[in-house]
2 protein chains.
Amino acid sequence: MTTQTAAERRQEDKVAFDAYMEQCPTHDLLGVIGNKWTSMVLYQLTRGPRRYAELARALPGVSAKMLTQTLRSLERDGFLARAVTPSVPVQVEYTLTLLGERLVPLLDAVQHFAEHNIDEIRASRDHYDAASL
Amino acid sequence: MTTQTAAERRQEDKVAFDAYMEQCPTHDLLGVIGNKWTSMVLYQLTRGPRRYAELARALPGVSAKMLTQTLRSLERDGFLARAVTPSVPVQVEYTLTLLGERLVPLLDAVQHFAEHNIDEIRASRDHYDAASL
DNA sequence: CCGAATCCATTTTGATACTG
DNA sequence: CAGTATCAAAATGGATTCGG
């Protein structure tokens, strides 16, 4: 055990680093808000509580499956709350929690940066793509 | 053409919304920084220029393919610059551009939020998972 | 040293049909 | 209305091999 090859040591480093990354809060959060529909759903909820069908109408691109999955994930993380009214038919309303409200300014900051720098980014992409002909 | 079914209208809405999302700067940026290795590479570069092998050593979990892919993508977007010194063997150094430097405070904000709220998020997850037994 | 190219596994996303 | 179930497709990530 005291003798290990360089390959073995690298393998151990990799495993250790993977473990570190999985418990890294920043990486965790980026994984959440980086999902395709998360920011869209959150944005809708900043404008007030929404029912399932309202969200589906506001986001015509999302399938029922992905909408449900996104909502469940955000509920699990504590960003929104799900309230069921047992009428017929049932009503389900989604609302931002306090934690969800605290996330909004951060998403605003992302939006602000994006809108102020997208032209430069797109110009860079065009330049890069043009150079590789 | 003046007559269309509800299904046809929904399909058009979906296509239009997809197009809108693809050109949405915020969604674009989230797609970039949400990638698995982007934030890690960027973080390394905030501490100064780094060579390819230095990055690979600092990030033991990344494969050569993904490191190259991440670097190329960030270069294309204009967040970092790639400088080749034609020695033997060649040296390649990656440095943050001004645009890249401007992105750093935003990533710091993400990190700040993540570290201050991760306990609450994890508690919510534990509670959610415990409830679904 | 710094990759490119290829092939394969995993994850994510979506279309469709069905249910209380 | 508010989902679930199933299947298929697409994007992403990674291991391996090879080259200037």
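**Entry 1, Arg125(A).** I began with the contacts of Arg125(A): setting aside neighbours within four places in sequence, Arg125(A) touches Asp28(B), Val32(B), Arg76(B) and Asp77(B). I note here that the model is a predicted one. I placed Arg125(A) in helix α6 of chain A, residues 98–131. Is Arg125(A) buried or exposed? I count Arg125(A) as buried, because its relative accessibility is 14% and the cut-off for buried is under 20%.

**Entry 2, domains of chain A.** I looked up the division of chain A and found domain 1 at 1–33 and domain 2 at 36–131. Between the C-alpha centres of these two domains of chain A I have a separation of 31 Å.

**Entry 3, sheet of chain A.** I read the sheet of chain A as open and three-stranded, in the order β1-β3-β2, with antiparallel pairing. The edges are β1 (50–51) and β2 of chain A, each of which pairs on one side only.

I then went through the pairings. β1(A) and β3(A) run antiparallel and are joined by two bridges. In this pairing I found Arg50(A) opposite Tyr94(A) of β3(A), and Arg51(A) with Glu93(A) of β3(A) as its bridge partner. How many bridges join β2(A) to β3(A)? I have six, again with the strands antiparallel. For Ala81(A) I noted Thr95(A) in β3(A) as the bridge partner.

I also checked the two faces of β3(A). Val92(A), Tyr94(A) and Leu96(A) form the covered face, while Gln91(A), Glu93(A) and Thr95(A) form the uncovered one.

In chain A, β2 and β3 make a hairpin, with five residues between the strands. I located Pro89(A) in the loop between β2 and β3 of chain A. Which residue is joined to Pro89(A) by a cis peptide bond? I found Val88(A), with omega at about 0°. Most peptide bonds are trans, and I flagged this one for that reason.

I looked at chain B for the corresponding entry. Val88(B) and Pro89(B) are joined by a cis peptide bond, omega about 0°, and Pro89(B) lies in the loop between β2 and β3 of chain B.

I checked the length of α5(A), residues 64–76. Its 13 residues at 1.5 Å each should span 18 Å, and the C-alpha atoms at its ends are 18 Å apart, so the two values agree.

Which residues of α5(A) are buried? I listed Leu67(A), Thr70(A), Leu71(A) and Leu74(A). These four lie on the same side of α5(A), because the arc they cover around the axis is only 95°.

Just after α5(A), I noted a positive phi of about 85° at Gly78(A).

I found α3(A) mostly covered, with seven of its nine residues buried. The buried residues are Thr38(A), Ser39(A), Met40(A), Val41(A), Leu42(A), Gln44(A) and Leu45(A). After α3(A) comes Gly48(A), for which I have a positive phi, near 125°. Most residues other than glycine have a negative phi.

I turned to chain B and read an open sheet of three strands, order β1-β3-β2, paired antiparallel. The edge strands of chain B are β1 (50–51) and β2 (80–85), each pairing on one side only. I counted two bridges between β1(B) and β3(B) (residues 91–96), which run antiparallel. One residue I looked up here is Arg51(B), whose bridge partner in β3(B) is Glu93(B). Helix α3 of chain B, residues 38–46, packs on this sheet and touches β1, β2 and β3 of chain B. The direction of α3(B) makes about 90° with that of β3(B).

How values were computed. Residues are numbered from 1 along each chain as its sequence is written. Chains are lettered from A and ligands numbered from 1 in the order in which they are written. This is a predicted model: local features need pLDDT of at least 70, side-chain atom pairs count only at pLDDT 80 or more; totals for chains, interfaces and linings use all residues. Side-chain values use heavy atoms; hydrogens and water are left out. The expected span of a helix is 1.5 Å times one less than its number of residues. Buried means under 20% relative accessible area, exposed over 50%, partly exposed in between (1.4 Å probe, protein chains only). The arc is that of the directions from the helix axis to the C-beta atoms. Domain bounds come from an automatic or database domain assignment. Two strands pair if DSSP finds at least two bridges between them. Contact means heavy atoms within 4.5 Å. Axes are lines fitted to C-alpha atoms, for helices over the stretch in contact, and angles run from 0 to 180 degrees between N-to-C directions.
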